[in-house]
Amino acid sequence: MMANEKRKKLTPTQQEYHLFEKERETKRPVVKNCIRAFFVGGVICTIGQAISYFYMYFFDFTEQTVGNPTVATMIFLSMIFTGLGVYDRIAQFAGAGSAVPVTGFGNAVISAAIEHRTEGFVLGVGSNMFKLAGSVILFGTFAAFVVALIKTIATQWGGL
Amino acid sequence: MNMRKWLFATIVICIWMGGCAKEQGVKQQSLQGSGFMKTNTNGEIQRNNINQQTAERAVARIKERDDIKDAVAVNTSEKLLVAYQIKHMHRFYRKQIEKEIDQQLIRLFPNYQIVSSSDLKIFWKTEELRGKLGKKNWNEQKVDEQIEKIRQLSKERT
């Protein structure tokens, strides 16, 4: 809608160019990206499941409590792989498949830390480490707060 | 260089995973003396087999349900420990199923203190305990203690 209104203001030559460009620009391989993300994301989740079974089998963790050590382990592994430069390659191939699982969080923290390493430890690494992950923490906490609020209202007064 | 990176990563993971595993020595030590048989004063072997009929009945009743994949149970004269696995797609209704089974068990076995869980770890633990019952000639108090331990584990939230 917006784009069409803007386009009306363009001169005929510009409009012509726009169509010319649209015909020739490379198409975004959405389906291919989705399939890649699906499979790589699935592999990451399978590894997570294996780790949680490992903790349940060898330690006294139940299905209820196994989440915390599993998440910690997955983040730790993705941080190591980011440091070694392996995770970047996986991310290049998989896109959202490697960014959406919790491993993407570890990648975001470490890659920001590596990027700002040259600016020193305090003002470089220290202040820039959570540049990307900070928003994950903020909105994650906020979303959890909102959901908890809704649940409390629904169970206390809504009679659910 | 790349090879070295992979090697380093593999070593780190192996050491780290290995460090978490229980040591064989500690395991073996705790098993020492488990092969002995307890005897009465007249030299007869003590048999402490606890009647497991209640547990078997509970398992049979739970397995009747079509949303249950597998069930296992152990009982003493006071306590009944039941663990079951819910079929994959039925896990969406997990809380409701748990509630129904709890009520069913309380109705069927009013004289028992019932511990029930759909947790996989509790299932494994219960299965392990049932296996030990057959082998180890534990007395009832010891089994009660084990059931209490499993109950506490199932209550843990963090």
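Contact here means heavy atoms within 4.5 Å, and helices (H or I, at least four residues) and strands (E, at least two) are DSSP runs numbered from the N terminus. The model is a predicted one, in which local features need pLDDT of at least 70 and side-chain atom pairs count only at pLDDT 80 or more, while totals for chains, interfaces and linings use all residues. Residues are numbered from 1 along each chain as its sequence is written, chains are lettered from A and ligands numbered from 1 in the order in which they are written, and side-chain values use heavy atoms, with hydrogens and water left out.

Helix α5(B) covers residues 120-136, and its 17 residues reach 24 Å from the first C-alpha to the last, close to the 24 Å expected at 1.5 Å a residue; the expected span is 1.5 Å times one less than the number of residues. Its buried residues are Leu120(B), Lys121(B), Ile122(B), Phe123(B), Thr126(B), Leu129(B) and Leu133(B). At the start of α5(B), a side-chain oxygen of Asp119(B) comes to within 3.1 Å of the backbone nitrogen of Lys121(B). After the helix comes Asn137(B), with a positive phi near 55 degrees.

The strands of chain B can be taken next. Three of them form an open sheet in the order β1-β2-β3, with mixed pairing; strands pair if DSSP finds at least two bridges between them. The edge strands are β1 and β3 of chain B, each pairing on one side only. From one strand to the next, the twist averages 15 degrees. Five bridges join β2(B) and β3(B) in the parallel sense, and Val82(B) has Ser116(B) in β3(B) as its bridge partner. Helix α3 of chain B (residues 53-64) packs on the sheet, where it touches β1 and β2 of chain B, and its direction makes about 165 degrees with that of β1(B). Helix α5(B) also packs on the sheet, touching β1, β2 and β3 of chain B, at about 45 degrees to the direction of β1(B). For these angles, axes are lines fitted to C-alpha atoms, for helices over the stretch in contact, and values run from 0 to 180 degrees between N-to-C directions.

Ser118(B) sits in the loop between β3 and α5 of chain B and counts as buried because its relative accessibility is 3%. Its side chain makes a polar contact of 3.2 Å with that of Arg94(B) and one of 2.5 Å with that of Glu98(B). A polar contact is a pair of N or O atoms within 3.5 Å; within protein, one must be able to donate a hydrogen and the other to accept it, and residues adjacent in sequence count only if both atoms are side-chain atoms. Leaving aside neighbours within four places in sequence, the contacts of Ser118(B) include Glu63(A) and Tyr84(B).

In chain A, Tyr55(A) lies in helix α3 (residues 30-58) and is buried, at 8% relative accessibility. Its side chain joins that of Thr73(A) in a polar contact of 2.9 Å. Beyond residues up to four places away in sequence, Tyr55(A) touches Phe61(A), Val66(A), Pro69(A), Thr70(A), Thr73(A) and Trp16(B). Ser52(A), in helix α3 of chain A, is in contact with Val66(A) and Thr70(A), leaving aside neighbours within four places in sequence.

How values were computed:
Buried means under 20% relative accessible area, exposed over 50%, partly exposed in between (1.4 Å probe, protein chains only).
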